[in-house]
Amino acid sequence: MNHKERVMTLDEFTIQELRNYPGATGQLSGLLRDIGLAAKRVNVEVNKAGIADILGEVGKTNVQGESVKKLDEFANDQFIASLRTSIYCCGVASEEEENFIAFTDEHSRKSKYVVLMDPLDGSSNIDVNVSIGTIFSVYRRLSPEGEECNLEDFLQPGTQQIAAGYIIYGSSTMMVYATRRSVQGFTLDPSIGEFCLSHPNLKCPPESDIFSVNMGYYHLYDENIRHSIDHFMARNENDRIYRHRFVGCMVAEIHRTLIQGGIFMYPAFGKWKAGRLRLCYECNPMSFLMEKAGGVAMANGRQRLLELKPVQLHQRVPIFIGSKNMVDTWQDIVNKK
Ligand SMILES: O=P(O)(O)OC[C@H]1O[C@](O)(COP(=O)(O)O)[C@@H](O)[C@@H]1O
Ligand SMILES: [Mg+2]
Ligand SMILES: [Mg+2]
């Protein structure tokens, strides 16, 4: 790189955005910077997980009955602490907390945003050094500013999101977020400890040769879902070849899909009759981001995921998300059956 070309940091970028939109108050920018700061703290622990006492389980289960890993708990505590300190957030809901948390101090009560999050996504990858992530979603509260936030603030349809994004702790650490205007990707430069704008104005390619689904459950999926998956599997050498990927971490699947295109599916089946992934803090934020990047996100062959009205914080939902043409084709197949 020419030494005169300087990559903008997250802080610099959000300040520049403020200049472009003079009506903006800077509160969302401040909130995104606070989330970025918590992510850096989590990143430090993730990076030394093998030598710090951070691998393995805490020895308790969360509200979903899943075993909590030490890193799940650490990430949850870090993000909540940052948001509590932030003057831009009045409350948070997390995968690891049964109920939402309303921040009661004067500054927090006056702020207009609530945050929903999966502090550590892809938990089963932690102990084997495979990509993990954090997912977040930001809504403007419905309750009056100055009061404590309430459950309805957190149960808004995904279409109402103001911003959403993820942090991927992968071979490098990135923060990617969407606002109503665009999707921007920042890579953590460890030499200066800052997220730097590396992937401006991300767009999901409309077509790709990658499909992603847990094939271990193939025989448990409904017939029309199996049929739609079959479409991506070559039967003879003249068939179009698709490549299959499954990382076991939604953040990693979405990140790959955003950059290289493809379709990621997590259908309902067996014990996950309502789907496996969570609507409010996994599927809604990723669907918002994917749509802002030109992709599509469905809850079934006919239902746009973002239009669902959540009825509870930890609700689950099936998801079919990714490149526009591929999800459109998938819909045609699944609706015909
Ligand atoms: O291996 P399985 O059972 O298909 O589950 C994989 C899915 O579980 C998840 O890890 C669930 O998220 P958590 O790790 O936050 O519970 C997703 O990221 C991933 O897509
Ligand atoms: Mg998750
Ligand atoms: Mg999680």
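Modeller: Some terms first. Axes are lines fitted to C-alpha atoms, for helices over the stretch in contact, and angles run from 0 to 180 degrees between N-to-C directions. Helices (H or I, at least four residues) and strands (E, at least two) are DSSP runs numbered from the N terminus. This is a predicted model: local features need pLDDT of at least 70, side-chain atom pairs count only at pLDDT 80 or more, and totals for chains, interfaces and linings use all residues. Residues are numbered from 1 along each chain as its sequence is written, with chains lettered from A and ligands numbered from 1 in written order.

Colleague: What is the mean pLDDT of the protein?

Modeller: pLDDT is the predictor's confidence in each residue, from 0 to 100. Of the residues, 99% reach 70 or more, and the mean is 95.

Colleague: How are H2 and H3 oriented to each other?

Modeller: H2 (residues 27–47) and H3 (residues 70–85) have axes 9 Å apart and pack at about 155 degrees. Angles over 145 degrees count as roughly antiparallel, under 35 as roughly parallel, 65 to 115 as roughly perpendicular and the rest as oblique. The pair is therefore roughly antiparallel.

Colleague: Which residues of H3 meet H2?

Modeller: Contact means C-beta atoms, placed from the backbone, within 7 Å. H2 brings Asp34, Leu37, Ala38, Arg41, Val42, Glu45 and Val46. From H3 come Leu71, Phe74, Ala75, Gln78, Phe79, Ser82 and Leu83.

Colleague: How far apart are the C-alpha centres of domain 1 and domain 2?

Modeller: Bounds come from an automatic or database domain assignment. That gives domain 1 (10–199) and domain 2 (210–336). Their C-alpha centres lie apart by 24 Å.

Key. Two residues are in contact if their C-beta atoms, placed from the backbone, lie within 7 Å.
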